[in-house]
Number of protein chains: 4
Amino acid sequence: MASNTFGKLFAVTTFGESHGPAIGCVIDGCPPGLAIAAEDFAHDLARRATGKTRHTSARHEADEVEILSGVYEGLTTGTPIALLIRNTDARSKDYAKIAEQFRPGHADYTYWHKYGIRDPRGGGRSSARETTMRVAAGVIAKKWLAEKCDVRVQGWLSQLGEITPGGHDLTAVEDNPFFWPHAAQVPELEAYMDALRKSGDSVGARVGVVADGLPPGWGEPIYGKLDGELASALMSINAVKGVEIGDGFASVAQKGSEHRDHIAARGFESNHAGGVLGGISSGQPLRCSVAFKPTSSLRLPVDSLDIHGDPVEVVTTGRHDPCVGIRAIPICEAMVALVLIDQALRHRAQCGDVGDVAPRVPGRKP
Amino acid sequence: MASNTFGKLFAVTTFGESHGPAIGCVIDGCPPGLAIAAEDFAHDLARRATGKTRHTSARHEADEVEILSGVYEGLTTGTPIALLIRNTDARSKDYAKIAEQFRPGHADYTYWHKYGIRDPRGGGRSSARETTMRVAAGVIAKKWLAEKCDVRVQGWLSQLGEITPGGHDLTAVEDNPFFWPHAAQVPELEAYMDALRKSGDSVGARVGVVADGLPPGWGEPIYGKLDGELASALMSINAVKGVEIGDGFASVAQKGSEHRDHIAARGFESNHAGGVLGGISSGQPLRCSVAFKPTSSLRLPVDSLDIHGDPVEVVTTGRHDPCVGIRAIPICEAMVALVLIDQALRHRAQCGDVGDVAPRVPGRKP
Amino acid sequence: MASNTFGKLFAVTTFGESHGPAIGCVIDGCPPGLAIAAEDFAHDLARRATGKTRHTSARHEADEVEILSGVYEGLTTGTPIALLIRNTDARSKDYAKIAEQFRPGHADYTYWHKYGIRDPRGGGRSSARETTMRVAAGVIAKKWLAEKCDVRVQGWLSQLGEITPGGHDLTAVEDNPFFWPHAAQVPELEAYMDALRKSGDSVGARVGVVADGLPPGWGEPIYGKLDGELASALMSINAVKGVEIGDGFASVAQKGSEHRDHIAARGFESNHAGGVLGGISSGQPLRCSVAFKPTSSLRLPVDSLDIHGDPVEVVTTGRHDPCVGIRAIPICEAMVALVLIDQALRHRAQCGDVGDVAPRVPGRKP
Amino acid sequence: MASNTFGKLFAVTTFGESHGPAIGCVIDGCPPGLAIAAEDFAHDLARRATGKTRHTSARHEADEVEILSGVYEGLTTGTPIALLIRNTDARSKDYAKIAEQFRPGHADYTYWHKYGIRDPRGGGRSSARETTMRVAAGVIAKKWLAEKCDVRVQGWLSQLGEITPGGHDLTAVEDNPFFWPHAAQVPELEAYMDALRKSGDSVGARVGVVADGLPPGWGEPIYGKLDGELASALMSINAVKGVEIGDGFASVAQKGSEHRDHIAARGFESNHAGGVLGGISSGQPLRCSVAFKPTSSLRLPVDSLDIHGDPVEVVTTGRHDPCVGIRAIPICEAMVALVLIDQALRHRAQCGDVGDVAPRVPGRKP
C-alpha cells in the first residue's frame with residue numbers, strides 16, 4: 001500500500017533525499033539462501049553513477065552499500081534486507097534561493113502544493129538520487145532471476161535525441177559510455193553530447209530493455225498484468241513520459257494479420273507482442289521501450305514564479321546530466337527485474353503445483 | 001493485493017467470464033452520500049457496447065446493471081457496492097474445437113501455461129467483456145469527481161490505423177460512432193472501416209484522454225506516482241501496447257529548453273508535461289495517449305498449435321471488432337477516473353490538513 | 001487494502017446487507033484445478049444457518065449458492081470465483097422507527113457517526129448475515145487445505161454462559177445443536193437455553209478451534225505472523241471480544257519452566273504455545289479460543305437515544321439468537337481456514353524451494 | 001503486503017536483527033508538517049529499554065535514533081521517515097552452540113523449518129529487539145494523535161504472575177519500574193521479582209491499554225475493523241498469547257442485559273464494549289488487555305533437540321528478562337497508536353466530508 005514501496009511479495013521500500021545524510025532501502029520477502037555481499041552492488045551502481053565521464057553530472061558519490069540486516073554468513077535469511085548508502089558529495093551550498101523558486105519541469109511546484117513543505121536541497125525526494133536504491137534492489141532481483149530461473153535482463157540506449165542506432169549489437173552496449181548497440185556511432189554521439197553540453201541545453205532519449213529466459217505463465221490478470229506492472233514500474237522512473245511493450249505505438253498502424261504472432265511447431269515466428277499475451281508471459285523475450293524527457297535543469301534561463309507568486313528567472317548552475325536517459329539503463333533494468341521476481345513469486349504461490357493438478361482432467365496441460 | 005482488484009482506497013474488484021452466467025464488480029471504499037441509481041450506468045455502457053453500428057462486433061448485450069449492495073435509498077452508504085450484469089448473448093455453440101487450439105495474438109496460450117486449465121468460451125476471463133465492469137465502476141468515480149472536485153474526463157480516438165484527425169474539436173466526439181474529433185472525416189472513416197471489414201482484417205488505434213479540473217497535489221511519489229498508476233491502469237486494458245503522458249515519445253527528440261513548461265504569473269504557458277510533475281498533478285490538464293493493437297480475431301486463417309502440440313489452422317468465425325480501439329474510449333476514461341478518485345482519497349488521507357499546517361513555517365505555502 | 005477484503009493471496013471480498021437483495025463474495029487467487037460445486041457449500045452453510053432449532057433465530061434463509069465465475073467444468077480456473085446468495089427471508093416490515101434509534105450494543109451509533117448514513121434494515125452491513133459468505137469462502141479454503149496439505153480445521157463450543165464442558169470429545173460435536181464436546185450435558189444446555197429464551201435475555205459463549213496437520217513453517221514475521229492474523233481474523237467476527245492462542249490468558253500466571261514446550265526426540269511434549277512460535281507454525285496442532293459477547297438484541301427494554309439526541313426506550317421484537325456464539329463455530333473455522341490457505345500460499349511463494357537451497361550450507365536444514 | 005510492514009496509510013517497515021549492525025524502520029505516509037526531532041524518541045525508548053533496573057535484562061543499548069530522511073528543518077515533509085539505531089551492546093560471544101540447538105519456547109525451531117537458515121545471534125529477527133523500532137514509530141504516531149486529535153494512549157501492568165493490582169490509579173504508573181497502577185504494592189512486586197530472578201524462572205503478565213479522546217467513527221468494517229486490527233497489532237508483539245477488547249473473555253459469562261452499554265442523554269453509561277461497536281470507535285475510551293507468556297530463556301535446563309535431531313539439554317546463560325510483560329507497556333502503547341493513526345487517516349480519506357454530505361437527506365446525521 002505504501003507509496004514508497006514497490007512490489008507485493010518482493011517488496012522494496014526506498015527512502016532518502018538527494019542531499020540528506022543517506023539513502024537506503026528495505027527489501028522484504030526475498031527468498032532465503034541467496035548469496036549476497038556488499039561487492040555485488042558495485043557493478044550496477046557504477047553503471048548508474050554520475051561523474052564517470054564528461055557526459056554525465058559531475059556529482060561523485062562513492063555509493064558504498066552497507067548491508068544492515070537480512071543476510072547471515074553471506075546468505076539471505078528471508079528477513080528484511082536493509083541497504084544503506086551515505087550521501088558523501090551533497091554540497092553544503094546555500095539553498096535559500098532555490099527553496100523559494102519553482103524550477104520549471106521539476107517537481108518543486110507540485111511537492112509544494114501537495115505537502116505544503118518541501119526539501120529543496122538538490123530536489124530532495126524527487127531527485128533521481130532515489131533511483132540508486134532501485135538499482136541496488138535490482139541487483140538482488142537480477143541475481144535470483146539468473147540463478148533460479150535463468151532469466152537475464154538487458155537494457156540499451158535505443159535513441160539519443162534524434163539519433164537512432166545504425167545496428168543492433170547488444171554485445172557492444174557495455175563497451176561504451178552511452179550503452180549504445182552500434183559501436184561505430186560512438187564518436188558521433190560524443191560530438192553530439194559535447195555540442196549539447198556547450199549549448200547549455202539537454203535532450204531526451206529512448207531506452208530499450210529485453211528480458212530473456214522467462215517461462216510462460218508469469219503475470220496476473222487483470223490488474224496485476226505483467227505488462228501493466230512493467231508500465232507502472234518504468235513510468236515511475238524520473239523523467240519517463242512513455243512506455244511501450246512489444247511493437248508499442250507502431251501497433252496503431254498495423255493490421256491484425258501483421259501483428260498477431262504465428263505459432264509454428266518450433267514456437268512463435270515473430271514477437272510483435274513483446275513476450276506478453278493477456279498480461280501473462282508467453283515464453284518469448286520480453287521487450288519494452290521507454291521514453292525519457294530531456295532534463296529540465298539547464299544553464300539557460302527560464303521564466304517561473306517563486307512561492308510568493310512573484311515572477312523570477314531560474315538558472316540552474318549546479319551539476320546536471322545533459323541526457324538523463326543514458327544513465328537510466330541500469331535503472332530500467334532494475335525495475336524490470338523487480339517486476340519479474342515479484343511476478344515469479346506470485347506465480348509460484350498460486351500455481352506452484354500446476355504440473356501436479358494438470359493430469360486430473362483429460363486434455364489439460366500435461 | 002489481489003490481482004483482480006484495482007485501486008487502494010477506492011478498490012474495484014471485477015469478476016466474470018465472457019460467456020459465464022454474469023459479470024460483476026465490488027467497489028469498496030466509495031465515500032458515503034453519493035447518489036447512485038441503476039440508470040446512471042446506461043450512458044457509458046452504451047458507449048462501450050457492441051452491436052450498435054456495423055463497425056463493432058455483432059454481440060448484443062443488454063448490460064443491465066443490478067445494484068446488489070452499498071446503496072440505501074439512492075445514496076451510497078460507504079459499504080461495498082456490488083454491481084451485477086447477467087450475460088444474455090453468450091452463444092451456446094460448441095467450444096470443443098477452440099478449447100484445444102491456441103488463437104495467435106490471444107491469451108489462450110498463456111492462460112493454458114499459467115493455470116493448466118482455461119475457460120475457452122469467448123476467451124473466458126481474458127475477454128474484453130471484463131471491461132464492462134471497469135466502465136460501470138468508472139461511472140461512480142466520474143460522478144464523484146465531477147460533483148466533489150469538478151474534474152471531468154474525456155476520451156477520443158486520436159488515430160485509426162494510419163488516419164489521423166484533421167482537427168481537434170472535442171465537442172464533436174460524442175456525435176459520431178468513432179469518437180472522432182473532426183466531423184468532416186467521418187465519411188472517410190466509414191469507408192475505411194467498411195473496406196477493412198470486407199477484407200477480414202483489423203487495425204490498431206490510438207486513444208487520447210484528458211482530465212480537466214485537477215487541483216495540484218494528487219499523486220504519491222515514488223511508486224504510487226499519478227503517471228505511474230495511469231500507465232498501469234491503461235496498459236491493463238485489453239490490447240493496449242503503449243502509454244504516453246504529455247508529449248510521451250515525442251519527448252525523446254526534444255530539447256530541455258523546449259520541453260520544460262514555463263510558468264508565468266497567470267500559470268503554465270504550455271503543457272508538454274501533460275499535467276504531471278514528479279508524479280504529482282500540477283493543476284494543468286492531464287493528458288494521456290494509448291496505443292491499441294489490432295484485434296487478433298480474424299476471418300483470415302493463421303498457423304498455430306493445439307494443446308497437444310500439433311499444427312492447426314485457426315480461423316475466427318465468431319463476432320469481433322475490426323478495431324477494438326474505438327469502443328475503448330469509455331474504458332480509457334473509466335481507468336483514468338478510477339486512478340483519479342483513488343489518488344484524490346489518498347491525498348485527502350495524508351494531506352487533508354495541509355492548509356492548516358502550512359502557516360507554521362515562514363515562507364511555506366500559504 | 002480494501003477493508004471488505006480478507007487475505008493477501010487468497011483474497012476474499014464480501015458484500016451485501018442483511019436485508020438487501022443479495023449477499024456475495026469474490027475469491028481471488030484460488031489455485032487452479034480445485035473441484036468446486038454449488039453443493040459443496042450446503043453442509044457448512046447449514047451448520048451456520050438460523051431457523052434449524054428453537055435455540056437460534058427464526059429467520060430462515062435458503063442460502064443457495066450460485067457460482068458466477070471462476071469455475072469451468074467443475075474446476076477452479078485461477079480467475080476470481082464469485083459466489084452469490086439471494087436474501088429470501090428479509091421481512092418487509094417498517095424500519096422507520098429503528099432507523100431513527102440507536103440500539104445499544106449494536107453498530108447503529110457508530111455507523112451513523114462514521115458514514116452519516118446507514119442502512120437500518122436488520123443492521124445492514126453490520127449484521128452477522130455477512131458471515132454467511134465467510135463460511136462459503138471457507139468451504140473452498142478447507143477443501144484445498146484438506147486435499148493439498150491434509151490440514152483439518154474443527155471448532156466447538158467450549159463454554160456457554162457459565163457452563164463448561166465436562167469432557168472433551170470432539171467426535172461428539174457435530175451430533176448436537178450446540179457443537180458441544182460432551183454429549184451428556186446436552187439436556188442441561190437445552191434447559192439452560194429454554195430458560196434464557198423465556199427470560200428474554202442472551203448470554204455469551206466461548207468457541208475453541210483446532211487445526212491439525214499443519215507443517216512447520218507457515219506464518220510470516222513480523223506483522224504477518226500466523227497468530228497475529230488469526231487474532232485479526234477471529235476478532236473481525238461479529239460479537240467477538242477476545243482471542244487466545246494456545247494457553248492464552250492462562251499464560252499470565254504461568255512460570256516459564258511450565259509454559260515452554262519441551263522437545264523430545266519424538267517431538268514436542270506439550271502444546272502450551274498452541275502450535276505457533278515466533279509467529280510461525282511449529283507443526284503442532286494450532287489452538288485458538290474465542291470469546292463471544294451476548295447478543296444485544298433483546299426483548300428487554302433499554303435506554304438509548306434517537307438520531308435527534310432524544311431519549312428513547314429500545315425493545316427488539318424481531319428474530320434473534322439468544323447465544324450468537326453457538327452458530328459461530330463454522331464461522332470461526334472458516335476464518336482460521338482462510339488465514340491458513342493464505343499463509344500456505346505466501347509460504348510457497350517465498351520459501352517454496354527451501355528444500356533445494358538448504359544443502360548449500362553445511363549444518364543447515366537437510 | 002510486505003510482512004515486515006505495519007499499517008496501510010501510515011506504514012511502518014522495520015528491519016534488523018538483535019545482534020546485527022543496526023535496527024531501523026521506514027515510516028511512509030506520515031502527514032507533512034509535524035515537528036519531529038531525535039530527542040522525541042528518548043522518553044519512550046527509555047521506558048522500553050533494558051538495563052535500567054535489576055528486574056530487566058542487563059543488556060544496555062544506547063538506543064540513539066538517527067533520522068535519515070523525511071524531516072526537513074525539523075518538520076516532516078510527507079516523504080518516508082527512516083530511523084536508524086546502531087546496536088552497541090551485541091556481545092561477540094560464540095554462537096556456534098546455540099546455532100545448532102532449538103531453544104524450547106523460542107522461534108529457533110520454526111525459523112529453521114521455514115527458511116532453512118536462521119541468524120542465531122540473540123534470536124536474530126525474532127528477538128524483541130525489533131520492538132524498539134515499533135516504539136520509535138509509535139512516538140511519531142502518538143505525537144500526531146495528541147496534537148491533531150487530542151487522543152492519548154496509556155498502558156500499565158494489570159497483572160504480574162498471580163498478583164493483581166489493589167487499585168487503579170493510572171497517575172501512579174510512570175512512577176515505578178513496573179508500570180503498576182497501585183503504588184502501595186511496589187515493595188511486594190520487588191520482592192516477588194527478586195525471588196523469581198533468584199529461582200532462575202520467569203513469569204507471565206497482563207498489560208492494559210486505554211486510548212482516550214477518540215472521536216466516534218474510526219475503524220473500517222468488515223476486515224479492517226478497529227478491534228480486529230488492534231488484535232493483530234497486539235498479538236504480533238513477541239510473547240503475546242491473548243488479546244481482549246472491553247470486557248473480553250468476561251463477556252462469555254455475561255448476560256446481554258448486563259453487557260450492552262445503555263446510552264443516556266449525557267452519553268454511554270458504561271463501557272463493556274471497550275469503545276468499539278461494529279468495528280468502529282464509539283467515542284468512549286478504547287480498552288484493551290494483553291496476555292504475555294513468561295519468557296522461555298531460563299537458567300533452568302530443558303530438554304530439546306539440535307538441528308541434527310539429537311537430544312540436547314538447553315541452558316540459557318545470557319541476559320534475559322524474568323518478566324517480558326513489564327517492558328512491553330510502551331510497545332503495546334505504540335502498537336495501539338499505530339493502529340489509531342492509520343485508521344484516522346483512512347477515515348479522513350473515505351469520510352472526510354461526511355459533515356458536508358449529511359444534510360442532503362432529512363433525518364440524517366446533522
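**Exercise 1. Where is Gly122(C) found?**

Before the solution, some conventions: this is a predicted model, in which local features need pLDDT of at least 70 and side-chain atom pairs count only at pLDDT 80 or more, while totals for chains, interfaces and linings use all residues. Residues are numbered from 1 along each chain as its sequence is written, chains are lettered from A and ligands numbered from 1 in the order in which they are written, and side-chain values use heavy atoms, with hydrogens and water left out.

*Solution.* Begin with the secondary structure, where helices (H or I, at least four residues) and strands (E, at least two) are DSSP runs numbered from the N terminus. Gly122(C) sits in the loop between α2 (108–115) and α3 (131–149) of chain C. Next, consider accessibility, for which buried means under 20% relative accessible area, exposed over 50%, and partly exposed in between (1.4 Å probe, protein chains only). With a relative accessible area of 29%, Gly122(C) is partly exposed. Then turn to contacts, meaning heavy atoms within 4.5 Å: leaving aside neighbours within four places in sequence, Gly122(C) is in contact with Ser18(C), His19(C), Tyr95(C) and Ser127(C). Finally, compare with Ile67(C), which is 55 residues from Gly122(C) in sequence and 26 Å from it in space, C-alpha to C-alpha.

**Exercise 2. Work out the span of helix α4 of chain D, and find its buried side.**

*Solution.* Start with the span, whose expected value is 1.5 Å times one less than the number of residues in the helix. For the 14 residues of α4(D) (residues 186–199) this should give 20 Å, and the end C-alpha atoms are 20 Å apart, which agrees. Now list the buried residues of α4(D), which are Val186(D), Leu189(D), Met193(D) and Leu196(D). They cover an arc of only 85° around the axis (the arc of the directions from the helix axis to the C-beta atoms), so they lie on the same side of α4(D). The face of α4(D) turned away from the buried side carries the exposed residues Pro187(D) and Lys198(D), whereas the cover over the buried residues includes β8 (152–160) and α7 (324–327) of chain D. Just after the helix, Gly200(D) takes a positive phi of about 80°.

**Exercise 3. Describe the surroundings of Ile326(A).**

*Solution.* First place the residue: Ile326(A) lies in helix α7 (residues 324–327) of chain A, and it counts as buried at 3% relative accessibility. Then look for what it touches, not counting residues up to four places away in sequence, which gives Leu157(A), Leu160(A), Pro177(A), Phe178(A), Phe179(A) and Met193(A). One of these, Phe179(A), is 147 residues from Ile326(A) along the chain, yet their C-alpha atoms are separated by 7.1 Å.

**Exercise 4. Characterise the contact between chain B and chain A.**

*Solution.* Count the residues: 110 of chain B are in contact with 113 of chain A. Next take the buried area, which is the accessible area (1.4 Å probe) that two parts lose on being put together, summed over both; between these chains it is about 9100 Å², of which carbon and sulfur atoms give 62%. In chain B, Lys114(B), Tyr223(B) and Arg260(B) lose the most area to chain A, together 11% of what that side buries. Helix α2 (residues 108–115) of chain B gives the most to this side, with seven residues. Lastly, the count of salt bridges (a side-chain nitrogen of Lys or Arg within 4 Å of a carboxyl oxygen of Asp or Glu) between chain B and chain A is zero.
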